[in-house]
Each structure stands twice: as C-alpha cells, then as structure tokens.
Amino acid sequence: MSDGVEEYVSRLFAAEDELLVSLREEADRTGLPPISVSADTGRLLQVLLTSIGARRVLEVGTLGGYSAIWMARALPANGALLTIEIDPVHAAFAGRYVRRAGLDHLVEIRVGRALDILPSLDGERFDAIFLDADKEPLPTYFDWGLRLVRRGGLIIADNALWGGKVLDDRVTDDATQGVRELNRRMATDPRVLGILVPTHDGVAIGVVR
Ligand code: SAH
Ligand code: DHB
Ligand code: MG
C-alpha cells in the first residue's frame, strides 16, 4: 500500500500518544530492530480484539512492547496479555514501557523460546493469539493457536506479505516458506475463516470456527 494511504489512515485512526512515541524513539536510539507493528496495525489489533470482547490474549514476539501496549489498551480492567520474548534485553525494555504505561497489572512478559513456552500453556484458553516472532515455525505456531484459542476467537499474524517475498516464486528461504504456509492455512484450513489484510506488511486474520 502507498505510504500516503498508510499515513492518512494512521493520522486519522491511529495517533500515537507521548508514551508510544518515546517508546519508538528510545527503541531506535538504543538499537532495537525497527520492526514493531505500524500504528495502523496497532489500531487494527485493537478493533479486532474489541470486536470479539477479548479478555485473555497471547502474543508471540514482544520486542519493545509496542504492539503489547496497543493490545493491552483494548482489554478490560480484568484482562490479561501474556507475551513471549526470547531476548532478555527486549523483554526488559518492554517491561519498563509496560510499567510506564500503567499496564503492568494486565501484561505479563515471559522470557524464553516460544516453542519451549507454548507447551506449558496447553489447557489454557485465550481469546486471541498474535504471532509476530520468527517466521520459520509459523505453521507450528498456527497449530498452537488452534489448540489455545477458543471458538470464535482469533489467530492473527503480522508480516503476512513479508516485504512482498511471499509473491516472488524465486524466494524459497525457510522464513518465506513459513509465511507462505501460514497464509495457505489461513486461506484453506476448514478450522478457520481467514483473510489477509494488506495493511503495512500484511496482517493475516483467522476466526476459529
Ligand atoms: N510484536 C512486536 C514486534 C516483534 S519483533 C511489536 O510489534 O512491537 C519479533 C520479536 O520476536 C523480537 O523481539 C525477537 O527477539 C522475538 N523472537 C524471535 N524468535 C523468537 C522465538 N523463537 N521465541 C520468542 N521470541 C522470539
Ligand atoms: C522482521 C520483521 C518483523 O515484523 C518480525 O516480526 C520479525 C522479523 C524482519 O523484518 O526481519
Ligand atoms: Mg512483525
């Protein structure tokens, strides 16, 4: 999508407050990778979570807490966001900002490799899962989504267009194949009703049937 469209939508629907602006500035200054969701994607996440009355949400890939703060702000006072992050530096940064945002009662950051932590959640029920970490294991993360998310809940994945690489048949690396397989399942697995919304780097959304 053109930058003009994204800017128009973001200015109208997804203005950042001071906290989100300073999170991004400090993240840039201190060398965190500049791969948080876009503001309009943050707003899309809020719309999706609100539309299903989400109370419990699971995120895979916290980084600096930018998407976590957008999502936690769409949860009720008794809500809970559990977010998994492999890098302790990212997790510590996110923890500071979650606290500054006054959301530490809603957000728990668990440090570790997602594929190690997800099995410990078996038997729990979430209203939505947001997949935004490494791309190779996306098919496995999708399977965990089907296990952990209630009927009528959402499996959501960022980077569904993967910089356009999913469209280019010459690109066959494992990360791109992971995103392609995720999209294929979102499109064809009868257990979800899915769509790919071409916002920013693409957001794949599946409603669990
Ligand atoms: N959701 C964040 C952006 C996440 S970037 C936001 O929008 O603000 C991807 C994050 O996933 C990085 O912080 C990276 O360290 C983490 N990550 C990568 N592989 C992981 C894994 N196997 N398990 C858990 N976290 C992982
Ligand atoms: C990259 C971007 C992301 O948004 C992400 O979740 C993981 C990796 C990247 O551009 O490398
Ligand atoms: Mg991402």
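**Ligand 1**

I began with Gly61, where a backbone N or O atom lies 2.8 Å from a nitrogen atom of ligand 1. The model is predicted, so I read each distance as a computed value. I looked for other backbone partners of ligand 1. A polar backbone atom of Ala114 is 2.9 Å from a nitrogen atom of this ligand. On the oxygen side, I found a polar backbone atom of Val37 at 2.8 Å from an oxygen atom of ligand 1. Then I listed the surroundings: ligand 1 has 20 residues around it. Gly61, Ser67, Glu85, His90 and Asp132 are the closest of these.

**Magnesium ion, ligand 3**

Which residues coordinate the magnesium ion (ligand 3)? I noted Asp132 through OD, Asp158 through OD and Asn159 through OD1. The distances run from 1.9 to 2.3 Å. Along the chain, the donors follow the spacing D-x25-D-N. Asp132 and Asn159 link distant parts of the chain, being 27 residues apart. I placed Asp132 in the loop between β4 (126–131) and α7 (138–148). Asn159 is in the loop between β5 (149–158) and α8 (174–188). I also checked burial: Asp132 and Asn159 are both buried.

**Ligand 2**

Next I looked up what surrounds ligand 2. I wrote down Ile35, Asp132, Ala133, Lys135, Asp158, Asn159 and Trp162. Asp132, Asp158 and Asn159 also coordinate the magnesium ion (ligand 3). Three polar approaches to oxygen atoms of ligand 2 went into the notes. For Asp132, a polar side-chain atom lies 2.6 Å from an oxygen atom of the ligand. For Lys135, an N or O atom in the side chain is 3.1 Å from an oxygen atom of ligand 2. For Ile35, I found a polar backbone atom at 3.2 Å from an oxygen atom of ligand 2.

**Aromatic pairs**

I turned to the rings. A pair of aromatic rings is described by the distance of the centres and the angle of the planes. I counted two aromatic pairs. One of them is Tyr66 with Trp70, an edge-to-face pair with 6.4 Å from centre to centre and 65° between the planes. Why are Tyr66 and Trp70 separated by about one helical turn? They are four residues apart in helix α4 (residues 66–72), so about one helical turn separates them. Both Tyr66 and Trp70 are buried.

Phe93 and Tyr97 form a stacked pair, because their planes stand at 25° and their ring centres lie 5.1 Å apart. The cut-off I needed here is that planes under 30 degrees apart count as stacked. Phe93 and Tyr97 are in helix α5 (residues 88–100), four residues apart, so they too are about one helical turn from each other. I took burial for each: Phe93 counts as buried because its relative accessibility is 5%. Tyr97 has a relative accessible area of 1%, so Tyr97 is buried as well.

**Charges over rings**

Phe93 came up again here. Arg96 lies over the face of Phe93, 5.3 Å from the ring centre. I also found the charged end of Arg56 over the ring of Phe126, at 4.4 Å from its centre.

**Ala128**

Is Ala128 buried or exposed? Its relative accessible area is 1%, so Ala128 is buried. I took one C-alpha to C-alpha distance: Ala128 and Gly152 are 9.2 Å apart in space and 24 residues apart in sequence.

**Thr41**

I located Thr41 in helix α3 (residues 39–51). Thr41 is buried because its relative accessible area is 1%. The side chains of Thr41 and Ser38 make a polar contact of 2.8 Å. Leaving aside neighbours within four places in sequence, Thr41 is in contact with Asp158, Thr199, His200 and Val203.

**Arg185**

My last entry is Arg185, in helix α8. At 18% relative accessibility, is this arginine buried or exposed? Arg185 counts as buried, since the cut-off is under 20%. What does the side chain of Arg185 reach? I found the backbone oxygen of Pro139 at 3.4 Å. Apart from neighbours within four places in sequence, Arg185 is in contact with Pro139, Phe142, Asp143 and Val192.

Key
Residues numbered from 1 in each chain as written. Chains lettered and ligands numbered in written order. Predicted model: local features only at pLDDT ≥ 70, side-chain atom pairs only at ≥ 80, totals over all residues. Heavy atoms only, no water. Phe/Tyr/Trp six-rings, centres within 6.5 Å; stacked < 30°, edge-to-face > 60°. Helix = DSSP H or I, 4+ residues; strand = E, 2+ residues; numbered from the N terminus. Buried < 20%, exposed > 50% of the residue type's maximum accessible area, 1.4 Å probe, protein only. Lys NZ or Arg CZ within 6 Å of the ring centre and 35° of its normal. Donors = N, O, S within 2.8 Å, 3.2 Å for Na, K, Ca; no water. Polar contact = N/O pair within 3.5 Å; in protein donor to acceptor, adjacent residues only side chain to side chain. Contact = heavy atoms within 4.5 Å. Near = heavy atom within 4 Å.
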